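Thanks for coming. I will walk through one structure, starting with a few conventions and then going residue by residue.

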Amino acid sequence: MNGKLIGGGIVVIALVFGAVVYYSQEYGYYDEIAPGSDAAKVSLMELDGTTQDQLQAEGYKGIDADSSPLRYRACFDTDLSIATATETYEVYDRPTPLIGPKWFDCYDAKTIGADLEAGRAVAFLSQHNIHPGVDRVVALYPDGRAYVWHQLNDEAEK
């Protein structure tokens with residue numbers, strides 16, 4: 001009888017611990033970014049690599065967390081065409097959209113990644129080293145949808 005009680009206690013503690021870890025990773029650290037705030041301003045790096053142009057972002061939805069520089073995600077619409085963007089801004093070589101929390105449903109990293117690989121979207125550099133070793137990347141679609149995330153850059157891999 002005593003072993004069953006101890007075993008049951010261990011299982012209950014493990015379940016509670018698992019629930020706390022899940023909640024903290026999925027919900028606990030994220031904050032929504034207010035449209036119009038400085039964090040909601042999205043820009044693209046021009047081909048000269050020295051200047052950035054701020055994009056017109058309609059319907060901006062964004063999240064971020066202080067716990068990691070890689071938790072930034074955003075979705076919005078813009079009137080910038082891909083043709084204009086490729087002539088003016090720096091295309092990002094190896095975009096890798098990172099998975100976000102399930103509740104932030106405007107951003108689907110798997111779909112964005114597949115669209116980038118298939119050429120249905122194009123990724124651009126927004127800001128190099130927004131945090132040491134981390135770049136901000138923007139994916140643009142022909143219909144005006146845009147998605148933003150942070151990812152490790154090549155300098156972080158060395």
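First, a definition: helices (H or I, at least four residues) and strands (E, at least two) are DSSP runs, numbered from the N terminus. With that in hand, serine 126 lies in strand β6.

Next, the ground rules. This is a predicted model, in which local features need pLDDT of at least 70 and side-chain atom pairs count only at pLDDT 80 or more, while totals for chains, interfaces and linings use all residues. Residues are numbered from 1 along each chain as its sequence is written, and side-chain values use heavy atoms, with hydrogens and water left out.

Back to serine 126. Is serine 126 buried or exposed? Serine 126 is buried, at a relative accessible area of 1%; buried means under 20% relative accessible area, exposed over 50%, and partly exposed in between, with a 1.4 Å probe and protein chains only. Contact here means heavy atoms within 4.5 Å. Leaving aside neighbours within four places in sequence, serine 126 is in contact with Ser43, Leu44, Met45, Gln52, Arg136, Val137 and Val138.

Staying on β6, histidine 128 is also placed in this strand. Histidine 128 has a relative accessible area of 35%, so it counts as partly exposed. Not counting residues up to four places away in sequence, histidine 128 touches Val134, Asp135, Asn153 and Glu155.

Asparagine 129 lies in β6.

Histidine 128 and histidine 150 are 22 residues apart in sequence, and their C-alpha atoms are 9.9 Å apart in space. Histidine 150 lies in strand β8, residues 145-152. Histidine 150 is buried because its relative accessible area is 2%.

Which polar atoms sit by the side chain of histidine 150? The backbone oxygen of proline 69 lies 2.6 Å from a polar atom of that side chain. The side chain of histidine 150 also makes a polar contact with the side chain of arginine 136, at 2.9 Å. Beyond four places in sequence, the residues touched by histidine 150 are Pro69, Leu70, Tyr72, Leu98, Ile130, His131, Val134, Asp135 and Arg136.

On to the largest pocket. The method works on a 1 Å grid over the protein atoms alone: a cavity is a set of points where a 1.4 Å probe fits but cannot get out, a pocket is an open set with protein on both sides within 12 Å along at least five of seven lines, and lining residues have an atom within 4 Å of a point. Grid points are joined across faces, edges and corners, and a volume is the space filled by probe spheres set on the points.

How much space lies in the largest pocket? About 340 Å³. The lining has 16 residues, and Tyr92, Arg94, Asp135, Asn153 and Asp154 lie nearest the pocket centre. At least two lining residues come from each of β6 (122-131), β8 and α4 (154-157), with α4 giving the most, three residues. By type, the lining has five nonpolar, four polar and seven charged residues.

Two loop residues next. Cysteine 106 is found in the loop between α2 (82-88) and α3 (109-118), and is partly exposed at 21% relative accessibility. Cysteine 106 touches Lys61, Cys75 and Tyr147, not counting residues up to four places away in sequence. Valine 91 lies in the loop between α2 and α3, and is partly exposed at 39%.

Last, the record. UniProt, in an unreviewed entry, places a "transmembrane region" at residues 6-23. In the model that span is 100% helix and 0% strand, with its end C-alpha atoms 26 Å apart. UniProt positions are given in the numbering used here, feature names are shortened, and annotations may be inferred rather than shown by experiment.

How values were computed:
Polar contact = N/O pair within 3.5 Å; in protein donor to acceptor, adjacent residues only side chain to side chain. Nonpolar A, V, L, I, M, F, W, Y, C, P; charged D, E, K, R; others polar.
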